[in-house]
Amino acid sequence: MQNKINSVRARMKDNNVDLVALGPGTHMNWLLGFNPYPDERPCLLLIGKEKEAFLMPSVNEEGIREKTNIAMNCWNDENGPDHALKDALSYTGSSNAKHIAIDEAMRSHFALLLLESLSNPTYEFTTSTVGALRMRKDQDEFVNLKENALIDDRAMQAGFAAIKEGVSELEIGEAINKHFISEGAKPQFCIVGSGPNGAFPHHHTGDRKVKRGDAVLIDIGGRKGTFPSDMTRMSVLGEPPEGYLEIHAIVERAVQAALSAARPGVIAKDVDAAARNVITEAGYGEFFVHRTGHGLGIDIHEPPYITATSEVVLDEGMVFSIEPGIYLQGRFGVRLEEIVILRSDGPEILSELTRELNLIK
């Protein structure tokens, strides 16, 4: 924990940030390994240039003291948080902070309370401090991500095994989730889009029953330990729909182009362009309707985002998805998704499951 706080302070110094303020959530969890119960009572971790302190609702005090010796400035419902917040700012040497970094995911009234307690500070979100550190995964984090990716592989195979004529999307999803649970992982999401439902990128798995000739898109993730998994694969029951194999091959080429483009020092938008250009040149550009990828960490979607406008410079240790797709309304959709960690010589794919079409006769 202290090493991470020291790393945050180094980033603060490099970016002229006087104070970092985090609410209960994944930034705090990444930094401390826990976070207090996230309700409406203002709760902040304040990291000054030399000291850190909590603004802590008294109802959470006892439980949190068991986890940390960070100084606490507690308040109760009768008196409110204003005085305790002033004490916390004073303790951390931040009463006169001029430029602060605010947790972009915390409640807005926490942020407003903090801003109103200071004298018109400028502010940014955590991109240059905690966010920058979270984007780069260390070896222990990689080990957990890899473990989850392999569980995801096996859960996907359980989903493939459940695909039969007359079986519903929900039943396929149940088989997938049951497998996650069997390996001690908690299911995080499960998209099963059969036939025309696969043309909706974020389809809500439903009652539609699989028919022969359906393409089935499966996008799933589970979590064992700190980090989750995320992967998309394709299956077809019977003879592939007209044009399916061509579309699958185009999406596969787009994945390979993005993998080839992803290197340390490359701008994220250039990886998006590499995938998008393949699909556009094949005549399907209007049917690739989302970004090429997103970061994966404690949050399933977190920086870096691999979009057409992202100026983030990719670096070793960054973990993100590459997931181009083509969606033909009323027919089918094809998305192939890998999670990669960026190494010095390029991306390492976490999954070991082929992207080839899973064809069920």
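Strand β9 (residues 231-237) and β17 run parallel to each other and pair over three bridges. Within that pairing, S235 sits opposite N358 of β17. Strands here are DSSP runs of E with at least two residues, while helices are runs of H or I with at least four residues, and both are numbered from the N terminus. Two strands count as paired if DSSP finds at least two bridges between them. This is a predicted model, in which local features need pLDDT of at least 70 and side-chain atom pairs count only at pLDDT 80 or more, whereas totals for chains, interfaces and linings use all residues. Residues are numbered from 1 along each chain as its sequence is written, and side-chain values use heavy atoms, with hydrogens and water left out.

- β9 and β17 belong to an open sheet of four strands, in the order β7-β8-β9-β17 and with mixed pairing.
- The edges are β7 and β17 (358-360), each of which pairs on one side only.
- From one strand to the next, the twist averages 20°; axes are lines fitted to C-alpha atoms, for helices over the stretch in contact, and angles run from 0 to 180 degrees between N-to-C directions.
- Helix α7 packs on this sheet, where it touches β8 (215-223), β9 and β17, and its direction makes about 145° with that of β8. Contact here means heavy atoms within 4.5 Å.
- Helix α8 lies across β7 and β8 and runs at about 155° to β7.

**How α7 meets α8**

- Two packed helices are described by the angle between their axes and the distance between the axes.
- The axes of α7 and α8 (residues 169-182) come within 8 Å and cross at roughly 150°.
- On the α7 side, the contact includes I151, D152 and R154, and on the α8 side it includes I172, H179 and F180.
- By class, the residues of this contact are eight nonpolar, two polar and two charged. Ala, Val, Leu, Ile, Met, Phe, Trp, Tyr, Cys and Pro count as nonpolar, Asp, Glu, Lys and Arg as charged, and the others, Gly among them, as polar.

**The six-stranded sheet**

- Another open sheet has six strands in the order β4-β3-β2-β1-β5-β6, and its pairing is mixed.
- β4 (71-75) and β6 (122-125) are at the edges with a single partner strand each, so one side of each is left without a neighbour in the sheet.
- Strands β1 (residues 19-22) and β2 (residues 44-47) run antiparallel and are joined by three bridges, with L22 having L45 in β2 as its bridge partner.
- Helix α3 (residues 58-65) lies across β3 (52-57) and β4, at about 130° to β3.
- Helix α5 (residues 108-117) also packs on the sheet; it touches β1, β2, β3, β5 (99-102) and β6, and its direction makes about 170° with that of β5.

**The cavity**

- Rolling a probe the size of a water molecule over the atoms shows where empty space is left.
- On a 1 Å grid over the protein atoms alone, a cavity is a set of points where a 1.4 Å probe fits but cannot get out, and a pocket is an open set with protein on both sides within 12 Å along at least five of seven lines; lining residues have an atom within 4 Å of a point.
- Grid points are joined across faces, edges and corners, and a volume is the space filled by probe spheres set on the points.
- Searching the whole structure turns up one cavity of 30 Å³ or more, and the largest cavity has a volume of about 80 Å³.
- Its lining has 13 residues, and A149, S229, D230, I339 and L350 are the closest to the centre.
- α7 (139-162) and β15 (338-343) each supply at least two lining residues, and α7 gives the most, with four.

- The largest pocket has a volume of about 270 Å³. Of its 15 lining residues, H202, D219, H294, H301 and E323 are the closest to its centre.
- That lining has four nonpolar, five polar and six charged residues.
- The second largest pocket holds about 210 Å³ of space. Among its 17 lining residues, T26, H27, E104, R134 and D299 are the closest to its centre.
- β11 provides the largest share of the lining of the second largest pocket, three residues.
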